[in-house]
Amino acid sequence: MSDALLDIAGLSCAYGQSDVLWDIDLLLPRGKVMALIGRNGVGKTTLLHAIMGTRPAKTGRILFDGTDISALPPHKRAKAGVGFVPQGRHIFPQLTVMENLETGLSASGDRSNTKHGIPQHIFDLFPKLYDIRNRAGGFLSGGEQQQLAIGRALAGRPTLLLLDEPTEGIQPNVVQQIEAALVHVRDTLGMTILLVEQYLDFVWRFADNYSAMQNGRILQQGRIADAPASDVAHFIQI
Ligand SMILES: Nc1ncnc2c1ncn2[C@@H]1O[C@H](COP(=O)(O)OP(=O)(O)OP(=O)(O)O)[C@@H](O)[C@H]1O
């Protein structure tokens, strides 16, 4: 079997008549973190949605763990092991923290080592979520909502985690907590992660590889260890 958990070839996407992704090839090795970087509007979020199945691809194929998932609906991709933390978090405001976490459970039938059905490691990562488990999602701070969005994705016990701008709109001290939690997810759960992120300092501490996008295409890819962040900053700055 290929070393890549995710293997995308020739992927293109459109909104109606307007094409936004062209001929995307991307290989994400098992257990590694890949950062997708680029200015607003270059297509990073669309690429994550195409992988999750919430935005149909026009052409191309997506192999996940050796299986072609291109034709599967989102819930089947989730069941296969793709977890998604969307931009803006999309917490259900009327549901409690616990109920929000439960919505992530359907992806996995595994009930071992759980607290009220939620995998214990989510509360180990984010103890605050257990403290506020009965609070409605709409009353949480931005940082708490981000922890909840990550916890909800982890509740499905994914093997690939898609993260869309996890530090966006979060206070700097809470960004540190989120970063520490994600480092823990990467290291202790051995998670493979595809991260969209504008905060390059975080990317350069956290990721193994980067793919820089411009106008719907991947223009440059490389190993973080081989390039200082200043070499790719022009892909983000206007
Ligand atoms: N629902 C939509 N309908 C029509 N066009 C869209 C839609 N969502 C995104 N687009 C367009 O598709 C292109 C790619 O958007 P996308 O959100 O994927 O970019 P991005 O790199 O993730 O940017 P951002 O960081 O602002 O989220 C942009 O030109 C955007 O205006």
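The axes of helix α6 (residues 142-155) and helix α7 (residues 172-188) come within 10 Å and cross at roughly 15 degrees. That makes α6 roughly parallel to α7, a label for angles under 35 degrees. Axes here are lines fitted to C-alpha atoms, for helices over the stretch in contact, and angles run from 0 to 180 degrees between N-to-C directions. The helices themselves are DSSP runs of H or I with at least four residues, and strands are runs of E with at least two, numbered from the N terminus.

Before going on, note that this is a predicted model: local features need pLDDT of at least 70, side-chain atom pairs count only at pLDDT 80 or more, and totals for chains, interfaces and linings use all residues. Residues are numbered from 1 along each chain as its sequence is written.

Back to the helix pair. On the α6 side you'll find Gly143, Gln146, Gln147 and Ile150, which meet Val174, Gln177, Ile178 and Ala181 in α7; contact means C-beta atoms, placed from the backbone, within 7 Å. The residues of this contact split into four nonpolar, four polar and no charged. Gly counts as polar in this scheme, while Asp, Glu, Lys and Arg are the charged ones.

Now the sheet. Six strands make an open sheet with mixed pairing, in the order β6-β9-β10-β3-β11-β12. Its edges are β6 (82-85) and β12 (217-223), each pairing on one side only. Neighbouring strands are turned by 15 degrees against each other on average, direction ignored. Strands pair if DSSP finds at least two bridges between them, and here are two pairs to look at:

α1 lies across β3 (33-37), β6, β9, β10 and β11 (209-214), running at about 150 degrees to β9. Helix α1 (residues 44-52) also gives the most to the shell around the ligand, with three residues. Who else is there? The ligand's surroundings include Tyr15, Val20, Gly38, Asn40 and Gln87, where near means a C-beta atom, placed from the backbone, within 6 Å. By type, the shell has three nonpolar, seven polar and one charged residue.

Note on methods: Contact = placed C-beta atoms within 7 Å. Parallel < 35°, antiparallel > 145°, perpendicular 65-115°, else oblique.
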